[in-house]
Structure formats: structure tokens, C-alpha cells
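Hi,

Here is the structure I said I would pass on to you. Have a look at it first, then read my notes below.

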Amino acid sequence: MTRLTGSALRVTILVGENDTWHHKPLFSEIVHRAHAAGLAGASVFRGVEGFGASSLIHTSRLLSMSEDLPVAIIIVDTEDRVRAFLPELDELVGEGLVILDECEVIRYVGRDTKERA
């Protein structure tokens, strides 16, 4: 299990939920590549409304019925590990926003593997 406390780097990737990579959701590809790279963790959050560089507003409100809502993928790990993963994002993210923030990890605890059985 990865141990992570203290100074870290958070990368936030903002894309559309309909963005794909080889017919697979882009957010899923990013999460799976982060997992394969051994990063501490990744989470995907679906937005209810937003706009980006295209200035098109995407919303979940009934009258608008957008099918391309914003999605945020957040990954936190040590600076070295996150920066080593950035070339993957350069390859994957054609449209969207990638943000890096310094952060401090206070607590990072997973389940005991014995509990999973």
C-alpha cells in the first residue's frame, strides 16, 4: 500500500464526460493509467454545470439537457510521481484543462487488505 503524507502535488484534469480515447471514456482511461503508473489515487467527479475555452455552457438542468457535462479527475501523489505522469496527460487530453496545485496530505489511509476478503 502506498504511504503518502506531507507535501504533495494535486493534478486536476477538467474534460467533458463525452470525451473519449479509442472509444472509451477519457476519464476512465486517465484513471486506469494513473493506477497502472502506481499513483496514490484518482477520483472522478461529474459537474452539474460549467464552461471552458469553447465558452459553451454545459448544464444538467432539464430544459438544457446537456449530455456533455464537465468531469474533474483529481490525482494526488508526490511531486516527482505526478510530474512523471504528466506526459501521459499530454498524450490523452486534447481539449480541456490540466491544473497543478501544491497541497499537504494530512491523512491517507486505505482499507486493510484482510477486510477486502
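D77 is found in strand β7. (Strands are DSSP runs of E with at least two residues, helices are runs of H or I with at least four, and both are numbered from the N terminus.) Before you go on, keep in mind that this is a predicted model: local features need pLDDT of at least 70, side-chain atom pairs count only at pLDDT 80 or more, and totals for chains, interfaces and linings use all residues. Residues are numbered from 1 along each chain as its sequence is written, and side-chain values use heavy atoms, with hydrogens and water left out.

Back to D77: is this residue buried or exposed? D77 counts as buried because its relative accessibility is 1%. Here buried means under 20% relative accessible area, exposed means over 50%, and partly exposed is in between, with a 1.4 Å probe and protein chains only. The side chain of D77 makes a polar contact with the side chain of R81, at 3.1 Å. A polar contact is a pair of N or O atoms within 3.5 Å; within protein, one must be able to donate a hydrogen and the other to accept it, and residues adjacent in sequence count only if both atoms are side-chain atoms. Leaving aside residues up to four places away in sequence, D77 also touches L4, A8, L9, G38, L39, A40 and V82, where a contact means heavy atoms within 4.5 Å.

Now zoom out. The protein has 3 helices and 8 strands, and from the N terminus they run β-β-β-α-β-β-β-β-α-β-α. Of its 117 residues, 28% are buried. Among contacts with a separation of 6 or more, 76% join residues 24 or more positions apart.

Which residues of α2 are buried? They are V82, F85, L86, L89 and L92. An α-helix has 3.6 residues a turn, so residues three or four places apart point the same way. The cover over the buried residues of α2 includes β1 (6-16), α1 (26-36) and β8 (97-105).

Next, the largest nonpolar core, which has 18 residues. (Such a core is a set of buried Ala, Val, Leu, Ile, Met, Phe, Trp, Tyr and Cys residues joined through side-chain atoms within 4.5 Å.) V11, I13, V15, I30, I73, I75 and L89 have the most contacts inside it. Two or more residues come from each of β1, α1, β7 and α2, and α2 gives the most, with 5.

Last, the loop between β2 and β3, where you will find H22 and H23. Phi is positive in both, near 50° for H22 and near 70° for H23. H22 counts as exposed because its relative accessibility is 65%, and H23 does so at 83%.

Cheers
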